[in-house]
Amino acid sequence: MSHASVPILKVEHLSYRYPTGQTALTDVSFLVGMHEVVGLVGPNGAGKTTLLLHLNGLLTGVRAATPGPATSPEPAHAVEVLGMQVVPANFPEIRRIVGFLFQDPDDQLFCPTVGDDVAFGPLNLGFPRDEVRSRVSRTLEAVGLTGFENRVPQQLSFGERRRVCLAGVLACEPDLLALDEPSSNLDPRSRRRLIDILKACQAAQVVASHDLELILELCGRVIVLDQGRIQADGPTRDLLSNERLMRSHGLEVPLSIQYGLEAGVRPVSDP
Amino acid sequence: MAVDFLDRYSRGSTWCHRWPARLKIVLTLAVIVAVVLLPISLWPIHGCLACLIFAAHAVADIPLSYLLRRVALLLPVVLLMALCVPLSRGFSGGWELASALVARALLTFLAALWLVNTTPFDRLLAAFRQLGMPRSFVVLLAFTYRYLFVVFDELARMRTAQRARTFGRRSPWAVWNSTVQLVAMLLIRSLNRSERVHQAMLSRGWQGEFRTID
C-alpha cells in the first residue's frame, strides 16, 4: 500500500463458491485507500465481477481459514467498508457508500424516464424532493446530459445509457465506485467522455476492465486476478509492462507502453 | 413486427396529443364503461360511440391501416370466445349475445388503443399515479413497458443470429423446433436479467418501497 491512509475498503481472506459448488474466489485480500483508484484485470472468468459483487453485499463470501490447522472459526466477514462489516444490518449505509456500475446499462436503467432513474437512488436514501431534483440535474450535467430528464431509455444511444447509469450512481454521492467494464461496447468518443468523467470523480474506485489502456490511464495501482486468486498487486505501470506476467494471465502489455506512448507523449499530431 | 407497434403514434403533436393525460384517461374509461354497461338493445348508442372512437383516431392522425392490423391480432381470440355462446346452445340462438361480445371487445380495445397512441407511456403512468392508482400497479406497468423493449431487442438479435446460421429451406418441424428453442432461451435470459435488475435496484438502496419524485 503506497499512499493510503485510512482504507475505505478492506478485503481479507475472501473466498466464494457458487451455489453450484464451483470455486470463484480463493483467499483474496487487499486494501483500497481513500480516493485511491485501483484497476482489476484478468482473463474472462477470473472472478472480477464476482469480487465486485462482494463490495456492497450482493454476494457474501466467507472468510477463509488462515493458513495452518483450522482451530476456531474466524469471524465470518471478509469485507469491510469504512470499518463496517458487510452484513445485512449495514447494507443501507454500505450501499450509499459503495456505488455500483453494472456492465449492461439495460439492467440498471429500469425507470420510465431518465429523470426518474437518476432520482431512484437519492429517493431511496430518503432525501427531500428538492434535494433530489437538484442532485438529478447536477449529476446529469456532470455526465454531459443536461436536460435529459424527460427522455425515455429506449430512445438513448448505448453510450448515453451508460452515462445515465453512471449519473444514477453518482447521484448517491458514493465514496467508493465499483465499476464493471465501464468502457465495454463504447465508441472512442463515448469512452473518452467516460474516462474524463471518472477522472474528475473524487470517489475511490475499483475498476474491473479488459481495457488496459483505460486502466493505465485511470489507475495508479492494479490487481491481477486469475482463477479466483490475486496473482499480483502493485503499481499499474510496473505490472502492465511485465510481459511475462501479462501473458501468463491472458493479458498483454498495452500498446502505449510497447511503443513508449506515455500519457503526455502524444502520437504525432498537427500543431 | 417492431416493438413500437404498441404505441407507434404516442409522440405525435396533434390536438389530441396535447390534451392533459388525466382527461384522456377519464374520457377513455367513460367510453369503455359505457360500451360495456349499456344493453346491446340500445345499439344506436353503441354506433355513436363507435363513430366517436373512430373520429378520435382520425383527429389524432392514427392511420386506419394501423388500427386494422392491431384489430386483426385481437380478432381471432375474440371470435373464438364469442363462438362459444351459440356453441353452448347448439347453434339455436345466442348470436345476438355473440355479436354484442365482439362489438364490445373491439370498441373497448380501440378506445384503449387511442389512449396509448395519444399519450407517451411515461406521462400515462404519471397520470395514473395522480389519479390514485395503487403504486405497485403503476410500477408493475412501468417495468413491463421498459423491459418489453429490451426483451424484444434481444429476441430480434437472437433471430438474426439464428437466420445467419440457417441455410436453404427447412421443414416445418425444424422451424417449430428452433422456435421452441428460441422461446426457451429468451425465458432463461429474461430470468437472468431480472436477477441482475434486482441487484442493480439493491445497489441503489432499494428497500422494497418505490418512491417517486412527484
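A residue counts as buried when its relative accessible area is under 20%. Keep that cut-off in mind while we walk through this model, which is a predicted one.

His35(A) is placed in the loop between strand 2 (23-33) and strand 3 (37-41). Its phi is near 65 degrees, which is a positive value in a residue other than glycine. Is His35(A) buried or exposed? With a relative accessibility of 54%, His35(A) counts as exposed, since the cut-off for that word is over 50%.

Now find Leu82(A), in the loop between strand 5 (79-81) and strand 6 (84-85) of chain A. Leu82(A) has a positive phi too, near 50 degrees, and again this is a residue other than glycine. At 35% relative accessibility, Leu82(A) counts as partly exposed.

Time to turn to chain B. How many helices and strands does chain B have? There are eight helices and zero strands. Chain B is more spread out than a compact globule, because its radius of gyration is 21 Å, well over the 17 Å that the globule rule gives for 214 residues. Along the principal axes, the C-alpha trace of chain B spans about 55 × 55 × 35 Å.

Chain B is also divided into two parts: domain 1 covers 3-129 and domain 2 covers 135-203. Taken over C-alpha atoms, the centres of these domains of chain B are 29 Å from each other. Where the domains meet, seven residues of domain 1 of chain B are in contact with eight residues of domain 2 of chain B.

What about the surface? Of the 214 residues in chain B, 37% count as buried. The accessible surface of chain B comes to about 12800 Å², and 70% of that belongs to carbon and sulfur atoms. Finally, chain B carries 24 positive and 10 negative charges, whose mean positions are 5 Å apart.

Notes
Residues numbered from 1 in each chain as written. Chains lettered and ligands numbered in written order. Predicted model: local features only at pLDDT ≥ 70, side-chain atom pairs only at ≥ 80, totals over all residues. Heavy atoms only, no water. Helix = DSSP H or I, 4+ residues; strand = E, 2+ residues; numbered from the N terminus. Rg over C-alpha atoms; globule rule 2.2 N^0.38 Å. Buried < 20%, exposed > 50% of the residue type's maximum accessible area, 1.4 Å probe, protein only. Areas by Shrake-Rupley, 256 points an atom, 1.4 Å probe, with all protein chains shown as cover. Lys, Arg positive; Asp, Glu negative; His and termini not counted. Charge placed at Lys NZ, Arg CZ, Asp CG, Glu CD. Domains from an automatic or database assignment. Contact = heavy atoms within 4.5 Å.
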